[in-house]
Every structure is written in C-alpha cells, then in structure tokens.
Amino acid sequence: CDSSSVDPTTGYPTRPTDPATGKQQPWSPPFILMIDRGSCSFVQKVRNAQHAGAAGVIIADNLCLCSDAACLNMVNETFQNCQNAEPIMADDGSGGDITIPAFLMFKQDAHGIIQEVKVKNSPVQVEMSWSLPHPDSDVSYELWTVPSENVSKEFQRAWYPIAQKLGKRAQFTPRQYIYDGIKSRCQTSDGQNMCFNMCTNGGRYCATDPDQDLDHGTTGAEIVTEALRRICVWKHFGEQDGVGATYWKYITEFLDRCDSDDFFSNKDCINDVYKHSKIDGKRIEQCMEDSGGLSSNHVNTLLEREIDAAVRKGVVVLPTMFVNSAAMRGALTVNTVFNAVCAGFQDGSEPDVCKTCAHCSGVAGCVQKGSCTSNSNTSPSGGSVSKKTFGTTLLMMCVLFGVAAYIHWRKTREDMREQVRGILAEYMPLDGGENEDYNPMDFARSGQSASLIS
C-alpha cells in the first residue's frame with residue numbers, strides 16, 4: 001500500500017528494456033492503470049496510481065458475487081470464496097487530493113481485460129465515462145441521510161430555492177436511514193431494549209449516538225424521533241407535488257433554531273419551527289402516532305418502510321443521493337447535485353434553470369439572480385476575471401502605491417529638516433570666531449541647501 005510499490009517500469013503488457021536501467025520502459029502517458037482489489041483502501045490505491053502518473057484507474061474486483069454463477073464458473077471459484085453484495089467504492093474522507101477518475105469493475109468483466117493484457121501481452125483501449133440514465137423528460141432523486149449527519153447540512157440549507165426552480169419535473173424524495181434494532185440485536189427475544197437511549201420502540205429502531213456519549217448530548221432515540229417527524233412532514237407537505245417547499249422550509253428552520261444538543265428535542269423549539277414553517281404541528285404529531293408511535297414494542301410502519309428501502313437500495317454510506325437510480329456518495333454540494341439532476345433530463349427537455357445555471361461555478365447565486373454572472377460563470381481559465389477588470393485593478397493599485405510613496409517621501413524630507421534644525425539650534429560657535437555675528441539658525445530657518453563651510 002505504499003506509494004513506492006507502484007513502479008511504472010513493471011506491469012503488463014511488457015515494454016522494451018531501457019539499456020541504461022535494465023528495466024522496462026515506463027508506461028507512456030496518458031495511461032489507465034488497472035489494479036487488483038486487495039488489502040489497501042480504494043482511496044489509497046487510486047492515490048498511489050495518481051502519484052505514478054496514471055490518468056485513470058480501474059480496480060478489478062477479486063471476488064465474484066455469490067449469486068453470479070457465470071462468474072464463479074468462469075474463474076473456477078466456489079461459493080465459499082465469494083461475496084454476497086456488491087462492494088461500494090466510496091471516498092473514506094481522505095481523498096481530497098485525488099483528481100483522476102476511478103471505477104470498480106466486476107471480476108468477470110476485468111478477467112477478460114487481464115487475459116488480453118497479461119496472457120496475450122496486448123494493449124487494450126478503454127474509455128471511462130460516467131453518465132446518468134435519462135429515460136424521459138422527468139428526473140427522480142432522493143437523499144438518504146439522518147438528522148445528526150453533518151456532511152449534507154449545508155446542502156439541505158441551500159437547496160430550498162433550487163428545488164422550487166426545478167419544479168415538479170424534478171421529483172424529490174427524502175429518506176431517513178434507520179438501524180434495524182432487531183438485526184443489530186438491540187432487542188432481546190422478550191422485547192427488552194439492550195441499547196437503551198439509542199433506540200425507540202423497545203429496541204426496534206435505532207440511531208448511533210453522535211458524540212458517542214450515552215449520558216450527555218443528543219441521543220439515538222431523539223434522532224429516530226426527529227427522523228420520523230421529518231418523514232411525516234414530507235408525507236403531508238411534500239409527497240403530493242414532489243417539490244416540498246414546506247418541507248425544505250421546515251429543514252431550514254430546524255437547522256437554524258434547533259440543531260444543537262440543548263434544543264434538538266426541545267418541544268418549544270420544535271413548535272417554534274412548526275410556527276415559522278407554517279405547519280400544523282398537531283397534524284404531524286398525529287401522523288407519528290398513527291404510524292405506530294415510538295413507545296413500547298410497537299411496529300412503526302413508516303420506519304419499517306425506510307429500513308426496507310435502505311436494504312433494497314444497498315445504502316451503507318451517508319449521505320447518499322440517488323439521481324435516476326444512479327448513486328452519488330460522499331460530500332454533497334449544491335453544484336454537484338444540481339448538475340447531476342440537470343444531467344438526468346433527456347437532451348433538450350431540461351428546465352430553463354438548468355440551461356441558465358448548469359455551467360456556473362456558483363449555482364445558488366445564479367438561481368437567485370436568474371442569470372450566470374461573469375463572476376460565477378465557469379470559464380476555461382478556471383473562473384478568472386476579465387482583462388479589463390484585471391487592468392483596471394492593476395492601474396488603481398499602481399496609483400495607490402504611487403501616492404503612498406510620494407506622501408512618505410514628503411514626510412521623510414520634512415522629518416530630516418526638522419532634525420537638522422534641532423541639531424543646529426544646539427550648536428554654539430567657538431569664542432573668538434571670525435564671524436561672531438553669524439547665527440547658525442539662519443541656515444536652519446532658510447530651509448536651503450547652502451553649505452555650512454565658507
């Protein structure tokens with residue numbers, strides 16, 4: 001897993017030997033490097049390849065899916081040496097320095113390329129591309145998160161006006177990730193909650209403690225409660241049109257007013273959020289009770305629905321955004337989500353806001369102003385200022401420094417004159433001088449450059 005282990009003079013297909021080093025010639029850029037999946041993290045493997053000069057990385061899976069009989073037969077593997085689910089290739093939080101694309105390829109697909117490159121010693125041309133499925137003129141997208149998750153909070157805070165601009169053709173669904181307490185063994189066979197304040201409903205529905213302190217701060221049970229509340233807010237104030245202006249208003253107000261340990265589950269704070277979001281709080285509380293509530297060992301139908309959906313989608317990383325069923329994981333920003341949603345429309349069918357702001361570096365500002373200004377427009381130079389603006393700024397800085405230099409010169413000149421006058425004022429002529437009537441202050445008062453030596 002060390003960066004030194006990626007040696008560009010090794011690998012397949014073989015190249016001519018360099019007489020000076022006795023090794024193969026390095027790979028000629030640009031090249032796509034295929035690496036076997038192994039003990040290193042995905043991020044570390046891609047970083048090592050980037051340091052070696054790769055323009056892209058394909059990681060070949062080293063295990064077949066247990067459900068893929070064709071793969072098992074192709075590579076002569078048994079069901080004891082397979083994986084039950086598809087591996088998820090995601091940033092582990094340390095990949096901020098990685099700038100090259102990377103894909104994970106199933107073992108049976110990578111097997112053919114490996115045979116061509118390694119056995120036949122022949123180069124293979126590979127094209128790496130990423131595109132969203134766009135079956136029609138509408139887009140569906142959903143966000144999997146949990147009220148205590150911090151990565152997507154800024155996105156959620158800023159998405160409200162953009163969701164309105166996208167309109168009903170971009171159908172949104174918020175999802176809450178809830179741990180199944182029974183599968184996590186938080187509930188015993190006799191219905192006892194073994195995970196205490198991390199779970200509700202006798203240990204059925206759980207969430208992790210944000211600060212890992214069961215005695216202080218926000219608890220997992222409070223997070224489950226807020227998750228159910230948001231599900232009900234969407235059910236009554238967003239599910240019908242798929243835009244959810246009132247839902248986004250609730251999220252924004254909650255993040256501004258109650259997103260802290262002191263107020264997260266405070267009833268007065270929640271009621272204040274209801275008030276400013278113009279939501280009938282009693283309607284939401286009734287929804288929470290009608291779905292099964294959060295007390296005793298009762299099944300909650302809304303939370304069960306979220307657990308089942310998470311299993312079907314294969315959600316294991318938070319936050320996760322699905323746009324037309326294509327997953328986006330890791331840090332979510334307004335720009336990345338907006339561009340992904342706009343890319344999900346059929347060509348020519350995207351809303352006007354996509355045509356106006358899809359190529360802006362500041363999507364939120366573009367949506368607010370209705371136009372992509374020169375400061376927010378993405379240009380080939382990476383968002384640089386215009387030549388006119390640069391020239392004007394440079395001229396103003398030159399004038400400013402010139403004026404400052406002139407003022408400093410004048411002040412220094414006056415200070416030196418004052419020092420000379422002070423020295424001469426203290427000068428006493430020697431007794432018996434030839435010109436006893438001469439007063440050295442005459443020179444100081446004159447302010448001229450006459451010589452003191454006659």
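Me: Where is P13 found in this model?

Reply: This is a predicted model, and in it P13 belongs to the segment before strand 1, which covers 32-36.

Me: What kind of peptide bond joins Y12 and P13?

Reply: The angle to read is omega. Here omega is about -5 degrees, and the bond between Y12 and P13 is cis.

Me: Is F196 buried or exposed?

Reply: Exposed means over 50% relative accessible area. F196 has 56% relative accessibility, so F196 counts as exposed.

Me: What about S296 and its phi?

Reply: S296 is not glycine either, and its phi is positive, near 55 degrees. S296 lies in the loop between helix 9 and helix 10. With a relative accessible area of 47%, S296 is partly exposed.

Me: How far apart are the end C-alpha atoms of helix 10, and what span should its residues give?

Reply: Helix 10 runs over residues 301-313, which is 13 residues. At 1.5 Å a residue they should span 18 Å, and the end C-alpha atoms are 18 Å apart, so the two agree.

Me: Which residues of helix 10 are buried, and where do they fall around the axis?

Reply: In an α-helix there are 3.6 residues a turn, so residues three or four places apart point the same way. The buried residues of helix 10 are L302, L303, E306, I307, A309 and A310. Seen down the axis, they fall within an arc of 165 degrees, so they line one face of the helix. The face turned away from that buried side carries the exposed residues T301, V311 and R312.

Me: What do the buried residues of helix 10 pack against?

Reply: Their partners are strand 6 (139-145), strand 7 (170-176), strand 8 (179-180), strand 10 (205-206), helix 6 (220-237) and helix 9 (281-290).

Me: What is found at the N-terminal end of helix 10, and what just after the helix?

Reply: For a cap, look for a side-chain atom beside a backbone atom. N300 caps the N-terminal end: one of its side-chain oxygens lies 3.1 Å from the backbone nitrogen of L302. Just after helix 10, G314 has a positive phi of about 75 degrees.

Technical notes:
Residues are numbered from 1 along each chain as its sequence is written. This is a predicted model: local features need pLDDT of at least 70, side-chain atom pairs count only at pLDDT 80 or more; totals for chains, interfaces and linings use all residues. Side-chain values use heavy atoms; hydrogens and water are left out. Helices (H or I, at least four residues) and strands (E, at least two) are DSSP runs, numbered from the N terminus. The expected span of a helix is 1.5 Å times one less than its number of residues. Buried means under 20% relative accessible area, exposed over 50%, partly exposed in between (1.4 Å probe, protein chains only). The arc is that of the directions from the helix axis to the C-beta atoms. Contact means heavy atoms within 4.5 Å. A polar contact is a pair of N or O atoms within 3.5 Å; within protein, one must be able to donate a hydrogen and the other to accept it, and residues adjacent in sequence count only if both atoms are side-chain atoms.
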